[in-house]
Amino acid sequence: MLRVLILGGTTEASALAVALEGDVRFDVTMSLAGRTKAPVLPRLPCRVGGFGGVAGLVAYLRHERVAALVDATHPFATQMTRHAIEAAGAAEVALLRLDRPAWVSQAGDRWTEVPDMAAAARMLGDVPRRVLLTIGQKDLAPFMAAPWHQYVLRSVDAPDRAPMGAKIITARGPFELVGELALLQRDRIEVLVTKNSGGTATAAKLAAARALGVEIIMMQRPPAPQVTVVDDAAQTMAWLVHQTSIRRGV
Ligand code: NAP
């Protein structure tokens with residue numbers, strides 16, 4: 001059996017876990033950072049929490065005799081991806097990155113791309129606006145420094161700190177178009193600030209914004225990591241099967 005470690009926290013990692021359930025060719029563990037209070041757990045062995053940097057991950061890979069590492073973390077989880085590349089190199093473990101394609105703007109979209117959330121907050125300007133933030137909890141500081149806007153903040157768990165007066169909505173995707181239209185209309189949203197996460201689970205907000213002429217400030221993807229990348233669970237399975245044949249010397 002091939003010992004596999006999946007670095008998860010995404011819809012794609014969950015889909016891969018479902019594809020691997022009960023497959024006797026693989027001995028799989030899913031790793032989660034432990035950020036969300038009630039994570040969706042796969043029916044596979046799981047471990048939760050950081051490894052303790054690159055050195056900790058190298059030690060884990062060696063101790064658990066991991067042969068194949070699948071980095072299926074979120075496109076903006078750049079530190080984990082960097083650590084995976086360094087640790088896989090040091091521990092001589094095969095590494096694959098599972099990364100969903102970025103969203104691409106379509107006719108009718110009103111997107112402005114920005115490199116980071118500080119630039120996004122600056123783009124909102126000095127005149128108060130009604131803003132929907134779907135950016136998670138890590139990058140709220142620039143918006144807390146611009147408290148004259150009226151924010152609606154949607155995230156899986158409520159953040160510890162939020163911009164003053166923000167309306168907090170806790171919800172977990174996938175989201176449907178009808179609900180996203182209702183949200184934008186009910187809160188009279190003028191601008192949506194989001195990250196180019198890609199994938200289908202949270203894409204309905206883009207279609208809703210397009211339909212209603214709502215402006216989008218979109219944080220661009222970080223630079224692509226220097227590693228073999230696939231974009232779905234099926235291609236990851238093919239890579240894993242290939243790893244088993246390499247180990248058998250086929
Ligand atoms: P990050 O900044 O790249 O990683 C920070 C640290 O968290 C890592 O160095 C590692 O700690 C730990 N970590 C991250 N992912 C882990 C995993 N799957 N298993 C074990 N430890 C992990 O990551 P982040 O942006 O905070 O994201 C945390 C998790 O949430 C990721 O698993 C990601 O897939 C998921 N997520 C992130 C976003 C986002 O927008 N960033 C959105 C949705 C889901 P050590 O150094 O101690 O090993």
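First, some ground rules. The model is predicted, so local features need pLDDT of at least 70 and side-chain atom pairs count only at pLDDT 80 or more, while totals for chains, interfaces and linings use all residues. Numbering starts from 1 along each chain as its sequence is written, and side-chain values use heavy atoms, with hydrogens and water left out.

**The whole chain**

You'll find 8 helices and 12 strands here. Both are DSSP runs numbered from the N terminus: helices are H or I with at least four residues, strands are E with at least two. The chain's radius of gyration is 20 Å, close to the 18 Å that the globule rule gives for 250 residues, so the chain is as compact as a globular protein of that length. (That radius is taken over C-alpha atoms, and the rule is 2.2 Å times the number of residues to the power 0.38.) Along its principal axes, the C-alpha trace spans about 65 × 35 × 30 Å.

How much of the chain is buried? Buried residues make up 46% of the 250 residues. Buried means under 20% relative accessible area, exposed means over 50%, and partly exposed is in between, using a 1.4 Å probe and protein chains only. As for contacts (heavy atoms within 4.5 Å), take those with a separation of 6 or more: 66% of them are between residues 24 or more positions apart.

**A look at helix α2**

Helix α2 covers residues 53–63, and its buried residues are Gly56, Leu57, Val58, Tyr60 and Leu61. Their cover includes the strands β1 (2–7), β2 (26–32), β3 (46–48) and β4 (68–71), plus helix α3 (78–91). After α2 comes arginine 65, which has a positive phi, near 50°.

**Salt bridges**

How many salt bridges does the structure hold? There are 14. Each one is a side-chain nitrogen of Lys or Arg within 4 Å of a carboxyl oxygen of Asp or Glu. Here are three of them:

| Pair | Closest N and O atoms |
|---|---|
| Aspartate 23 and arginine 25 | 2.7 Å |
| Lysine 195 and aspartate 139 | 3.9 Å |
| Glutamate 180 and arginine 154 | 2.7 Å |

Glutamate 180 sits in helix α6 (residues 177–186) and arginine 154 in strand β8, so this pair ties together parts that are 26 residues apart in sequence. Glutamate 180 is buried at 3% relative accessibility, and arginine 154 is buried too, at 8%.

Lysine 195 is buried at 12%, while aspartate 139 is partly exposed at 25%. Likewise, aspartate 23 counts as buried at 16%, but arginine 25 is partly exposed at 39%.

**An aspartate without a salt bridge**

Where is aspartate 157 found? Look in the loop between β8 (150–155) and β9 (167–170). This residue is buried yet has no salt bridge, and its nearest side chain of opposite charge, lysine 37, is 5.0 Å away. (Lys and Arg count as positive, Asp and Glu as negative; His and the chain ends are not counted.) Still, the side chain of aspartate 157 reaches the backbone nitrogen of lysine 37 at 2.9 Å. Leaving aside neighbours within four places in sequence, aspartate 157 is in contact with Arg35, Thr36, Lys37, Gln137 and Thr170.

Methods
Polar contact = N/O pair within 3.5 Å; in protein donor to acceptor, adjacent residues only side chain to side chain.
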